[in-house]
Amino acid sequence: MNARLDLPFPPMPLALTAPELVDFQRVRERAMQSLFESLENLCEGTIVVDRDSRIVWINDRYVKRFGFATPEDAIGKKVEEVIPNTLMGEVVRSGKPILLDILEAEPMPFVVTRLPLKDDAGEVIGAVGFALYDKLQPLQPLYGRLSRLQQELAQAQKKLAEERRAKYTFSNFVGISPAAMELKRQGRRAARLDTTVLLLGETGTGKELVAHAIHAASDRADKPFVGVNVAAIPDTLLETEFFGAAPGAYTGVDKKGRIGKFELAHGGTLFLDEIGDMPPTLQAKLLRALQEQEVEPVGSNRVIKVDVRIIAATSVDLAKRVADGRFRSDLYYRLNVLSLTVPPLRQRLEDLPMLSEHILENIAQRTGLPHRELDASAIELLRRSPWPGNIRELRNALEQATLLSDHLRLSAADFASLAPAAEPVPGAADTSGTAAPLAPQDIPNYGEAIADFERQLIRQALAACAGKVPEAAQRLGLGRATLYKKIAALGIGTGGSAAA
Ligand SMILES: Nc1ncnc2c1ncn2[C@@H]1O[C@H](COP(=O)(O)OP(=O)(O)O)[C@@H](O)[C@H]1O
Ligand SMILES: [Mg+2]
């Protein structure tokens with residue numbers, strides 16, 4: 001049996017009697033010389049630079065790879081001029097070796113080793129580099145993976161950058177009513193000034209859209225737009241969300257730490273939605289960040305300078321929160337430099353047909369369903385609705401009608417859920433058992449009310465099952481035949497192929 005160890009280099013000759021191998025200093029010198037010579041023979045490239053990173057020596061093969069005819073053409077030049085992407089200069093500056101690295105080069109990268117050269121006093125006087133090229137073959141799979149990862153990273157970064165760009169401009173703010181025009185005028189003016197903007201207005205009026213538009217019309221347009229919805233993030237996570245966290249700051253933060261939104265928005269705009277919901281401790285920290293234009297990641301004692309424009313929005317009465325002591329007045333004044341009020345839908349009802357048209361087109365595009373129009377009765381009904389949820393509610397109503405009705409021209413009847421008084425289904429949707437009290441004359445006919453309820457339920461089930469009767473029947477716990485009969489009796493269109 002052969003129990004010999006497989007050494008990566010030829011075994012030492014057993015006769016250690018050669019005179020130059022007797023004293024330690026000479027052994028060391030021999031070893032170094034032999035190491036250098038072996039590497040030089042094995043390697044595609046060897047290079048030595050001085051303390052100014054100028055090439056003092058380079059071998060023939062290597063210099064040719066970078067388009068020079070002879071070593072003499074490269075000697076005396078800065079190493080970066082000959083080898084793009086090299087880190088030899090870095091090794092000279094830091095005095096630290098880079099034992100293994102990949103140097104990008106055409107047509108194939110090199111695996112390289114770079115070592116500092118020091119004089120007897122330990123001063124760095126230059127660096128030596130070895131480039132393995134022929135030996136890269138076994139590393140090919142690894143390198144392939146690395147390039148794939150690099151590509152994926154570049155793509156992800158590009159996608160993120162696109163996402164951080166503003167999605168909307170003022171031309172996306174549909175409306176020509178005086179209230180809408182005035183808002184757009186003020187918004188464009190605010191965009192030119194680089195101040196903090198406070199957007200006021202009920203929920204669903206388009207504050208977020210306006211924030212995007214202000215950013216897009218500002219000098220920061222090609223920098224990131226980053227949004228944080230204060231109301232949507234638990235209080236305990238908000239600080240990290242805003243300011244970031246140092247690596248291992250607390251359990252739950254990934255090992256690498258986390259970048260805060262302030263830092264992400266650097267150079268651009270930070271949109272703070274529902275600012276009124278900010279917990280008091282964080283209000284103080286936010287105020288400091290705004291005043292100092294710097295942030296301190298959680299668990300670090302590092303401050304980071306940031307340059308961000310703040311646009312804050314609130315759907316609650318912030319002045320009242322200040323009066324109640326729930327919102328710091330100093331922060332309020334800091335935010336309220338320039339305020340814009342986005343009007344509620346009921347104050348610009350003349351925009352309703354145009355807005356609906358725009359939203360219906362958007363729904364058709366998104367869902368692939370045919371584009372719907374509104375007839376006069378539908379517009380009349382929509383005009384009479386109070387719209388507490390504003391344009392967001394309008395969008396929901398239009399979406400629901402599109403899903404529940406087959407008509408290409410939607411009429412008032414297709415918006416049954418909007419007109420509770422006209423639709424005698426009291427308490428039908430209310431399963432809590434606490435139906436509102438009814439006046440005697442409002443009590444509906446039992447049979448009609450049940451039929452209405454059934455009709456609505458079946459329509460909803462069909463819409464949820466993309467019009468597939470068998471699936472809707474199963475979900476409803478009905479036989480398929482029973483459901484078909486009910487559909488016919490109640491005059492419900494199933495829409496599309498499923499009816500066949
Ligand atoms: N003027 C407008 N034109 C077109 N769509 C609008 C307009 N205002 C709001 N919307 C739409 O209404 C919805 C709610 O708007 P959003 O900006 O989120 O409101 P807010 O932030 O005030 O709650 C979004 O889908 C938005 O695209
Ligand atoms: Mg909002």
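**Overall make-up and the ligand site**

Buried residues account for 26% of the chain's 500 residues, where buried takes 20 or more other C-beta atoms within 10 Å of a residue's own, exposed 12 or fewer, and partly exposed the range in between, with C-beta atoms placed from the backbone. This is a predicted model, so local features need pLDDT of at least 70 and side-chain atom pairs count only at pLDDT 80 or more, while totals for chains, interfaces and linings use all residues. Residues are numbered from 1 along each chain as its sequence is written, and chains are lettered from A and ligands numbered from 1 in the order in which they are written.

The chain has a mean pLDDT (the predictor's confidence in each residue, from 0 to 100) of 85, with 88% of residues at 70 or more. Where pLDDT is low, the predicted coordinates should not be read in detail.

As for secondary structure, there are 19 helices and 14 strands; these are DSSP runs numbered from the N terminus, helices being H or I with at least four residues and strands E with at least two. Of the contacts between residues at least 6 apart in sequence, 64% link residues at least 24 apart.

Now for the ligand. The shell around ligand 1 holds 16 residues, and Val174, Gly206, Lys207, Glu208 and Ile391 come nearest; a residue is near if its C-beta atom, placed from the backbone, lies within 6 Å of the molecule. Helices H8 (207–216), H14 (352–367) and H16 (390–404) each put at least two residues into this shell. Domain 2 (170–343) and domain 3 (346–427 + 443–499) both contribute, so ligand 1 lies between them; the domain bounds come from an automatic or database domain assignment.

Helix H6 (residues 140–164) runs 36 Å between its end C-alpha atoms, close to the 36 Å expected at 1.5 Å a residue, the expected span being 1.5 Å times one less than the number of residues. Of its 25 residues, 0 are buried, so H6 lies largely in the open.

One backbone detail remains. Asparagine 85, in the loop between helix H4 (79–82) and helix H5 (88–94), has a positive phi near 70°.

Conventions:
Two residues are in contact if their C-beta atoms, placed from the backbone, lie within 7 Å.
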